[in-house]
Amino acid sequence: MTAIDTNDWRIALVGTPNSGKTALFNALTGSRQKVANYAGVTVERKSGFLQTISGHRVNLIDLPGTYSLRGRSPDEEIARDVILGKFASEAPPDFLLCVADATNLRVALRLVIELKRVHRPMLLVLNMIDIARRRGVDIDLDKLSAELGVPVVTSTAVRRAGIEDLLRRIDDIAGKPAAAIAASEWTAPAASDLRAAQREADRVIRAAVSEPAKPDTWTTRVDAVLLHPVWGMIALLALLFVMFQAVFAWAQPVMDLITAGFDALGAWTATVLPEGLLQSFVQNGVISGVGSVIVFLPQILVLFLFILLLEDFGYMARAAFLMDRIMGGAGLHGRAFIPLLSSFACAIPGIMATRVIDNKRDRLTTIMVAPLMTCSARIPVYTLIIAAFVPDKPVLGFLGLQGLVMFGLYAVGIFSALAVSFVANHFFWRESATPPFMLELPDYKLPQLRSVLMNLYQRAMAFLKRAGTTIFSMMVLIWFLASFPRPPVGATEPAIDFSLAAIIGHWIEPLLAPIGFNWQISVALIPGMAAREVAVASLGTVYAIEGGKEAVEQVGHALADKWSLATALAFLAWYVFAPQCASTLAVIKRETGGWRWMWITFFYMLSMAYIAALITYHAALALGLG
Amino acid sequence: MVHLNPMPTLTTTMTDIANSAPDESVRAPRAVPLGLARHGFQGRVDAIVVDGDRLGVSAAEIERRLLELGIVEGAAVHILHEGPIGRDPIAVRVNGTTIALRRREAMAILVV
């Protein structure tokens, strides 16, 4: 990536949400982008480079979408501070490139009027001008520019021609010898200022726009179905069904391929490296550690492809509209719906998808409860225990008892997620504000494939780079715990019995005894921290069963012999809640920008797991199932 | 074709307003909260009056958020859609932009 040069023009891209700002940013900078975080905060900082017609290099910063500079959320505060030149690590921008959706000028022009008070050189880009023209909106650019007192240029973001014109105008404005820039006059607008600015914007529109934007007939027709109280819900469910089908069906072959690839790589190293510590480290620590991270990538890509397409199409705001009341009952935002649903596949993409929730409080609640949704990694554990302990007998004639228990485990997960967010909202967030649900339902637009793919690439890289390092180091730690110290020569018990994991397992056994866990379970829980499904293999290891995946049935038989039904049920209850997934914890740390929320999630889930297992175990004992 | 479909209790109010000569400089005596209006309702924003703070969000803040979405006095409003449960939230066309909001917040928007 190119280094920042002090001769570069620094331009900040400002605009309301849904103004097509990101698509324009992608069109202007192409692959010359850099995604990082603003120093000290978790807000994403997107910047990129572009070259004007005269060949001058521009460092373009894509600021978070904002309706005003008041700073209502951390994202909006960043936008304000960067624009005002108050952000410590950011030089003030040389000029502001303000983006407005040409089909929806009212709110955008009010923001422009507010931005004028900052007294920075400014250029207004009317984005999506082609759509506006097609709808018969006639904008007199000279008049608009004269009335606003800001130069105006049009663009379509998809077409190169509009972009070149824009670059030429950037040359014109930024190339001028810098006049003395007046100090910013901006102060947080009061309600009266907002009213005055909106009236002024409406006056400018009356003067410069001949044909006011009529409702888009396409949007109206699509919404007649998609926002219909009945058809809309059916469409939403159908869409979700397709989405999940895609996540499992499309991603599974690739995931199997990745797993097979890493297994083969591990087996190959076993043949190349001499048996011993190094081999174990490379095979079980490094390769399976990296593999356990990469294996999530296909699901993440498929989920994010859907989410980005739906967001760009304009459907996400509509899904939030349809689900707001249902989610609101538990104190969740309508926008939390998709992230929570994604968590049924895996909490990692679910937590990453919470970025669509702009309110910090709503987002944190969603992140906290996402791991309670029954992810696909719990399925192997559930099926193992259910197959071993729950008799396959019919209930009410047509339902299987095993299926019913499985369904019950899913239902408990959903119910407890809603209960936790309800409790969080009513007890922990009491002091902070309940954000009002107000959002724009943008007109439908065909997503721009290039922009979608670029955003998808960035999400994938963010996951691989930042989460990958944390997850990987946790995997190595878990390998270390399960491998050291080494078993003495000639030992007949499994190697793990001599390891730190066993020592910790024996040490925590008294703590877990009240919930019916023996020391073997306690030991298996340590490597099981890596990922939930690892528990199946590690139970196999501690019960000295060789043979990996094919041995699942054997593990089941061994457990059926050695565990009481009460213990098995307590183990299931434990797995509904237990934070047995290092990757999820790593992603929570990364997405919330610190350890705090990771530990909060870890401890509340651990407490719930313990209490649920305790109640289950003793209830089962009381019923004579010991 | 859009039809006027106010709630039964509002029927007379709406007809009266439609018949009386609107005077934008004076608060219409029969202004009703948008939060009570039904699907298909069309009218103009008469005033934005937030009655008190709500769970830590100040009345002034709610007012400013509504204003920032372009909901100002005189703006044309049209309820396009209602949510599937309890007819909440509502999707309102405001001078060419569609805004989704809960009826709770829409109570602050007085319309004629």
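Start with A:Cys98: setting aside neighbours within four places in sequence, this residue is in contact with A:Val14, A:Gly15, A:Val112, A:Leu115, A:Met122, A:Leu123, A:Leu124 and A:Val125. Here, contact means that the C-beta atoms of two residues, placed from the backbone, lie within 7 Å. You're looking at a predicted model, where local features need pLDDT of at least 70, side-chain atom pairs count only at pLDDT 80 or more, and totals for chains, interfaces and linings use all residues. Residues are numbered from 1 along each chain as its sequence is written, while chains are lettered from A and ligands numbered from 1 in the order in which they are written.

A:Cys98 and A:Val125 have the most contacts inside the largest nonpolar core, a set of 196 residues. Such a core joins buried Ala, Val, Leu, Ile, Met, Phe, Trp, Tyr and Cys residues through C-beta atoms within 7 Å. Its largest share, 11 residues, comes from helix 23 (residues 565-577) of chain A.

Now zoom out. Chain A is divided into domain 1 (9-214), domain 2 (231-376 + 404-434 + 451-465) and domain 3 (481-622), with bounds from an automatic or database domain assignment. Domains 1 and 2 of chain A have C-alpha centres 33 Å apart, and each gives seven residues to their contact. On the domain 1 side, helix 1 of chain A provides the largest share, three residues.

That helix covers residues 21-29, and nine of its nine residues are buried (20 or more other C-beta atoms within 10 Å of a residue's own). Helices here are DSSP runs of H or I, at least four residues, numbered from the N terminus. After helix 1 of chain A comes A:Gly30, with a positive phi near 60°.

Methods:
A residue is buried if 20 or more other C-beta atoms lie within 10 Å of its own, exposed if 12 or fewer, and partly exposed in between; C-beta atoms are placed from the backbone. Helices (H or I, at least four residues) and strands (E, at least two) are DSSP runs, numbered from the N terminus.
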